[in-house]
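Let's take a walk through this fold, starting with the whole chain and then zooming in on a few spots. Keep the 3D view open as you read.

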Amino acid sequence: MKKNKISISIIILIFLLISVFYPLITMLLKVEWSSFGSLISSDAFKESLNNSLLVTTIATLISIAIAYLLAYTLNRTNIEHRAILKIFLTLPMLIPSISHGLGLINLFGANGIISKFFGFNIIGMPGIILGSIMYSFPVAFLMLDDGFNYIDNSMYDNAKVLGLNKWQTFKTVTLCYLKKPIVSALFAVFTLIFTDYGVPLAIGGKFITLPVFLYKEVIGLLDFSKGTMIGLFLLIPAIISFIFDNFSKDYTSGEIKKKVIISSSKLKDIILTIFVYFIIFCIVTILGSFVYYAFINNYTTDRTFSLKHFEYIISNNVFNNVYNSLFIAIMVSIAGTIITYFTAYVTARIKGKLGRFIHILTISSLAIPGIVLGLSYTIAFKGTFIYSTYSILILVNIVHFMASPYLMAYNALQKVNQNYEIVAKTFNIGTFRTIKDIIIPCTKKTLREMFAYLFVNSMVTISAVTFLFNTSNMPLSLLINNYEGNMMLGEAAIISLIILVFNVIIKGIVYLINRKEHKRSELNGTYI
């Protein structure tokens with residue numbers, strides 16, 4: 001058994017070194033550092049960096065504020081239908097970031113549905129900020145919503161006994177427990193917006209951000225050296241976020257507490273409920289604009305009912321792109337779940353320096369933005385047998401998204417009884433049989449969530465695969481960029497809806513399986 005564990009650890013270590021660090025090191029070695037000074041002193045770079053910092057800061061602060069209010073409402077008021085509302089609030093995560101920019105163009109562009117009536121449009125900085133908020137707040141919301149589960153509600157009772165007012169209670173109890181989730185969400189959202197080029201590319205107009213500047217330098221001018229240097233700046237907030245998450249103190253006990261409605265008033269409930277439904281209305285309106293644009297003849301001149309956009313999609317073999325995305329997403333989900341699960345098994349169940357080293361290497365992939373990872377793969381693997389194949393698209397997606405499912409598995413495996421391996425060794429049962437017959441049945445729900453996470457993100461990503469595809473294996477999400485650039489908003493809307501439908505199906509299947517299993521466990525008196 002010990003030999004099997006060491007073999008698994010070595011294989012995983014080699015995989016991480018080749019797939020994560022070899023591309024980054026190769027990218028750095030190809031940089032022409034002599035031109036670094038001229039790059040950072042150029043007006044174009046300074047303008048794009050300032051633009052990125054400005055819109056990212058504004059959008060991040062607003063996103064965190066929205067996310068906190070939503071999480072607070074769902075956890076500290078008498079609002080009904082929490083599970084359904086949570087599903088609606090996370091719908092923006094099921095479409096590519098560029099689709100949010102497209103949806104805002106549909107509504108507030110020069111010929112948008114709403115801007116036609118009011119005579120204005122939000123192309124440029126306002127559009128980027130609004131699109132970035134819509135794209136990022138669900139991430140912060142999920143982090144803060146989870147944080148509320150770990151607050152020891154008895155502390156609120158203690159605060160009442162001590163006579164603390166609401167503001168003092170907020171500072172000493174709520175803020176204390178939510179300090180790390182809030183700051184983690186702050187860094188995560190800032191990094192997400194700062195490194196995203198989908199929203200700015202769709203609705204930014206002449207307002208160029210740093211990721212768009214990188215994209216144009218690499219795609220338009222094929223200047224990989226300059227693109228790499230720009231990419232280094234995109235790494236900075238992600239690295240800071242990574243360091244904070246791994247070294248900051250967490251005040252929660254790690255034990256989910258019983259939820260208690262605390263000092264909820266009818267007026268507060270009404271106001272916050274209206275706020276939640278307003279956010280959902282905004283989400284549904286953007287998604288509804290895709291449906292509207294998909295079924296009209298021309299968004300500028302003739303808005304009568306038409307199926308011509310669907311006919312164009314069908315006649316141009318878009319089903320090949322649907323196949324490409326589904327094949328890539330399924331393979332990423334299967335291979336990625338297996339790789340990250342065994343990686344988590346090594347680090348959570350096998351003690352030692354090698355396990356800790358692998359743990360650090362795995363979660364360090366969080367600090368690599370997708371567009372930087374895709375660029376590094378282009379530089380490292382160009383000319384090899386896997387370049388521009390399905391293999392490299394699958395590999396880059398696994399590496400891009402592996403940290404989150406790895407942490408899901410790592411946390412779940414730490415909670416499984418640590419004596420199972422000892423008992424298995426006593427009965428001379430091998431490692432793989434122990435995992436198959438004992439460990440996996442205890443973590444089935446986590447495995448399903450890992451699969452769904454990898455599938456959804458592989459369907460919506462555009463950053464990591466931008467530089468690695470060819471015409472035969474082009475993912476569906478990248479068509480949105482092409483259609484939007486040619487002002488074919490109807491076709492782009494259809495692609496966004498197709499991606500949304502597949503992601504909703506996968507999430508729905510996982511939700512139903514988990515719900516069915518939970519009910520079965522309740523009937524049997526067991527919880528797995």
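In the protein chain, 82% of the contacts with a separation of 6 or more are between residues 24 or more positions apart, where contact means heavy atoms within 4.5 Å. Keep in mind that this is a predicted model, in which local features need pLDDT of at least 70 and side-chain atom pairs count only at pLDDT 80 or more, while totals for chains, interfaces and linings use all residues. Residues are numbered from 1 along each chain as its sequence is written, and side-chain values use heavy atoms, with hydrogens and water left out.

Now for the overall build. The secondary structure comes to 24 helices and two strands; these are DSSP runs numbered from the N terminus, with helices being H or I of at least four residues and strands E of at least two. The C-alpha trace spans about 70 × 65 × 50 Å along its principal axes. A compact globule of 528 residues would have a radius of gyration near 24 Å, and the protein chain agrees, at 24 Å (taken over C-alpha atoms, with the globule rule being 2.2 Å times the number of residues to the power 0.38).

What about burial? Of the 528 residues, 52% count as buried, and buried means under 20% relative accessible area, using a 1.4 Å probe and protein chains only. The chain exposes about 24,500 Å², with carbon and sulfur atoms supplying 67% of that (areas by the Shrake-Rupley method with a 1.4 Å probe).

Thr228 sits in helix H12, residues 224-247, and counts as buried because its relative accessibility is 1%. Leaving out residues up to four places away in sequence, Thr228 touches Met27, Val31, Leu375 and Ile379. Ser463 is in the loop between helix H22 (444-460) and helix H23 (477-485). With a relative accessible area of 15%, Ser463 is buried too. Setting aside neighbours within four places in sequence, Ser463 is in contact with Tyr197, Gly370, Ile371 and His400.

Finally, a helix pair. How do H15 and H21 cross? The axes of H15 (residues 318-349) and H21 (residues 431-442) come within 13 Å and cross at roughly 95°, the axes being lines fitted to C-alpha atoms over the stretch in contact, with angles running from 0 to 180 degrees between N-to-C directions. So H15 is roughly perpendicular to H21, a label for angles of 65 to 115 degrees. On the H15 side, Tyr341, Phe342, Tyr345 and Arg349 meet Thr431, Phe432, Ile435, Ile439 and Ile440 of H21.

Terms used:
Angles under 35 degrees count as roughly parallel, over 145 as roughly antiparallel, 65 to 115 as roughly perpendicular and the rest as oblique. Buried means under 20% relative accessible area, exposed over 50%, partly exposed in between (1.4 Å probe, protein chains only).
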